[in-house]
Amino acid sequence: MIINREVSKPVYLQVADYLRNNIYSEEWGKGEQIPSENQIMKSLEVSRGTVKKAVNMLVEEGLLYQIQGKGTYVTEDNISYSLGKGLLSFAESLEGQKLAYETKVITSEFRKATKEIASRLKIAVGEEYLYMKRIRFVEGEKVMLIENRINSRLCPGVEEHDFNKESLFKVMEEISGKRIGYSESRYAARVVGEKRGKELEVSPDSPVLHLEQLVYLEGGLPVEFGNVWLKANKYYLGTVLQREEM
C-alpha cells in the first residue's frame, strides 16, 4: 500500500484502512500477531504516532487487542450464536422473500492458499483454490459484497460455471455429488473500510454486517470459506427460538 498525502483523508485513517483490510482479507489470521509498529512505519513510511493512532482505532473497533510487552494481535471471536437450524444461501433467502435480485461477478481466479486459508479448507499451503468476488443487487441497489474461497479439489470444474446466474450452493452440490451439510458462521458489526466501501458505493466509515462462514459438505468436508459484507441499513438478523424444557 502507498500512502497518498495529496488527498484530504488523514494519513492515520489510510493506515487504519491498511490494517483493517489485512484482517478482513485473512492475511492476518485470528489470534495472529500483526507486524510491529516499526515494521509498519518502515513499510508505509509514516510516523510512529500515526501508526499508534491507527492501531488504537482498530483496538476500539474490537478488531485488535494488545498485550503489554508482547505486541498487538488480531482479535479471536469467542462467542457463537446460532440463528436457527436451516442453512440457506443468501440467494435462496432472497428468493423466499420474493425479492428481485441480480448478481455480478467482479473477480474469478485461482489463488494459492495462505496458511490461514489452507487451515480453513483443509488443503495444503500453496494449493490452488478458486477465489470469487461478487456484488449482489436487490431491486437495483448494491446491498452485498460476497467473497468466496472454494475448495476446487472437491469441486473440479467449478470455475466453468456462470455465477452471474447460477447458485453457488447448488453447483457445489451437483459437482461434488454431496449435499451441503452445515456451516460454521460468525456475524459481527464492522466498519466497511475504503476498499470495500468503494465496491458497495458507501463511505469508508459506514457500518456493515460482516458474515464469516465456513461451509461443509456431508461428511464434514470444508468446501467453501466466505466473507459477506451487508449494508447495515438494508439487513437485519432474525430467528425463532424455541424454549427447551428445564
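Trainee: In this predicted model, how do H1 and H2 stand to each other?
Mentor: Start from the angle between the two helices, which is about 110 degrees, with the axes 12 Å apart. Angles of 65 to 115 degrees fall in one class. H1 and H2 are therefore roughly perpendicular to each other.

Trainee: Which residues of H2 take part in the contact with H1?
Mentor: The crossing of H1 and H2 is right-handed. On the H1 side, the contact is made by Val15, Tyr18 and Leu19. By class, the contact has 5 nonpolar residues, 1 polar residue and no charged ones. The H2 residues in the contact are Ile40, Ser43 and Leu44.

Trainee: How is H2 placed against H3, and what is the hand of their crossing?
Mentor: Helix H2 covers residues 37-44 and helix H3 covers residues 48-61; they pack at about 115 degrees, with their axes 9 Å apart. That angle makes H2 roughly perpendicular to H3. The hand of the H2 and H3 crossing is right-handed.

Trainee: How many charged residues does the contact of H2 with H3 have?
Mentor: The H2 side consists of Glu37, Asn38, Ile40 and Met41, and these meet Arg48, Val51 and Lys52 in H3. Sorted by class, the contact has 3 nonpolar residues and 1 polar residue, and its number of charged residues is 3.

Trainee: What is the orientation of H1 to H3?
Mentor: Helix H1, residues 11-24, packs on H3 at an angle of about 50 degrees, with the axes 8 Å apart. An angle counts as roughly parallel under 35 degrees and as roughly perpendicular from 65. The value for this pair makes H1 oblique to H3.

Trainee: How many nonpolar residues are in the contact of H1 with H3?
Mentor: The crossing of H1 and H3 is right-handed. From H1, the residues are Val11, Tyr12, Leu13, Val15, Ala16, Leu19, Arg20 and Ile23; from H3, they are Thr50, Lys53, Ala54, Val55, Met57, Leu58 and Glu61. By class, 1 residue of this contact is polar and 3 are charged, while the nonpolar residues number 11.

Trainee: Which residue in S5 stands opposite Arg134?
Mentor: Strand S4 spans residues 128-138 and strand S5 spans residues 141-150; the two run antiparallel and are joined by 9 bridges. The residue in S5 opposite Arg134 is Ile146.

Trainee: What is the C-alpha to C-alpha distance between Ala188 and His210?
Mentor: Ala188 has its place in strand S6. Leaving out residues up to four places away in sequence, Ala188 touches Val208, Leu209 and His210. Ala188 and His210 are 22 residues apart in sequence, and their C-alpha distance is 5.3 Å.

Methods
Residues numbered from 1 in each chain as written. Predicted model: local features only at pLDDT ≥ 70, side-chain atom pairs only at ≥ 80, totals over all residues. Heavy atoms only, no water. Axes fitted to C-alpha atoms, helices over the stretch in contact; angles between N-to-C directions. Helix = DSSP H or I, 4+ residues; strand = E, 2+ residues; numbered from the N terminus. Parallel < 35°, antiparallel > 145°, perpendicular 65-115°, else oblique. Left-handed = near helix turned anticlockwise from the far one by under 90°. Contact = heavy atoms within 4.5 Å. Nonpolar A, V, L, I, M, F, W, Y, C, P; charged D, E, K, R; others polar. Pairing = 2+ DSSP bridges.
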